[in-house]
Amino acid sequence: MAHVRASLKRKLSRIHKRQERGAMEKWERHTSRYFRYDAALRIFGAGKLHDEINAVTGLVPTMLRLAGQPRYPRSERLNKHDLWLLSSPLDRSLPLDDHVDWLLETLTPHADFLRGVIAQADSADL
């Protein structure tokens with residue numbers, strides 16, 4: 001039989017213990033430090049309606065961009081499309097369901113109006 005070094009045995013023992021601990025702990029995806037969540041409504045190409053969206057819904061967008069304006073201060077790159085974005089303000093460590101629920105609760109009272117806006121926009125997504 002081949003001789004196995006003591007340092008390799010210790011490493012294997014640590015790996016085995018880590019695997020056992022991981023198998024015993026209940027792992028929930030949304031509590032992992034590796035996953036961060038957010039949900040948002042983005043409406044592209046409705047620049048002329050931005051003020052109306054704000055006035056009718058009372059919602060303040062997280063981000064607002066107009067086509068032809070610089071993307072960032074001192075940037076030479078220009079926005080190709082208008083953008084109205086409403087993002088969830090909840091902590092990103094919360095489950096995705098919470099972000100989606102917040103977004104739906106916020107947008108549902110204005111669904112008919114937003115359908116009309118989206119029909120006039122270039123595109124929209126959640």
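Trainee: Which residues of H3 are buried?

Mentor: This is a predicted model, so keep that in mind throughout. Seen down the axis of H3, the buried residues fall within an arc of 90 degrees, so they line one face of the helix. Those buried residues are His99, Leu103, Thr106 and Leu107.

Trainee: How far does H3 reach from its first C-alpha to its last?

Mentor: H3 covers residues 96–107, which makes 12 residues. At 1.5 Å a residue, 16 Å is expected. The reach in the model is close to that, at 17 Å.

Trainee: Is histidine 99 buried or exposed?

Mentor: Histidine 99 sits in helix H3. Buried means under 20% relative accessible area. Histidine 99 has 0% relative accessibility, so it counts as buried.

Trainee: How far apart in space are histidine 99 and alanine 39, C-alpha to C-alpha?

Mentor: In sequence, the two are 60 residues apart. Histidine 99 is in contact with Ala39, and its other contacts include Tyr37, Asp38 and Arg92. C-alpha to C-alpha, histidine 99 and alanine 39 are 5.5 Å apart.

Trainee: Valine 100 is in helix H3 too. What is its relative accessible area?

Mentor: Valine 100 belongs to a nonpolar patch on the surface, with Leu96, Leu104 and Leu126. Together the four have about 360 Å² of accessible area. Valine 100 is partly exposed, with a relative accessible area of 34%.

Trainee: How many residues apart in sequence are the parts that aspartate 125 and arginine 42 tie together?

Mentor: Side chains of opposite charge can pair when their charged atoms come close. Aspartate 125 and arginine 42 meet in a salt bridge at 2.6 Å, N to O. Aspartate 125 lies in strand E4 and arginine 42 in strand E1, so the pair ties together parts that are 83 residues apart.

Trainee: The structure holds 2 salt bridges. What separates aspartate 112 and arginine 115 in helix H4?

Mentor: Their side chains meet in a salt bridge at 2.8 Å, N to O. Both residues are exposed. Aspartate 112 and arginine 115 are 3 residues apart in helix H4, so what separates them is about one helical turn.

Note on methods:
Residues are numbered from 1 along each chain as its sequence is written. This is a predicted model: local features need pLDDT of at least 70, side-chain atom pairs count only at pLDDT 80 or more; totals for chains, interfaces and linings use all residues. Side-chain values use heavy atoms; hydrogens and water are left out. Helices (H or I, at least four residues) and strands (E, at least two) are DSSP runs, numbered from the N terminus. The expected span of a helix is 1.5 Å times one less than its number of residues. Buried means under 20% relative accessible area, exposed over 50%, partly exposed in between (1.4 Å probe, protein chains only). The arc is that of the directions from the helix axis to the C-beta atoms. Patches are made of residues with over 30% relative accessible area and no salt bridge: like charges are joined within 9 Å, nonpolar side chains (Val, Leu, Ile, Met, Phe, Trp, Tyr) within 5 Å. Accessible areas come from the Shrake-Rupley method with a 1.4 Å probe; for residues, only the protein chains shown count as cover. Contact means heavy atoms within 4.5 Å. Lists of a residue's contacts leave out its neighbours within four places in sequence.
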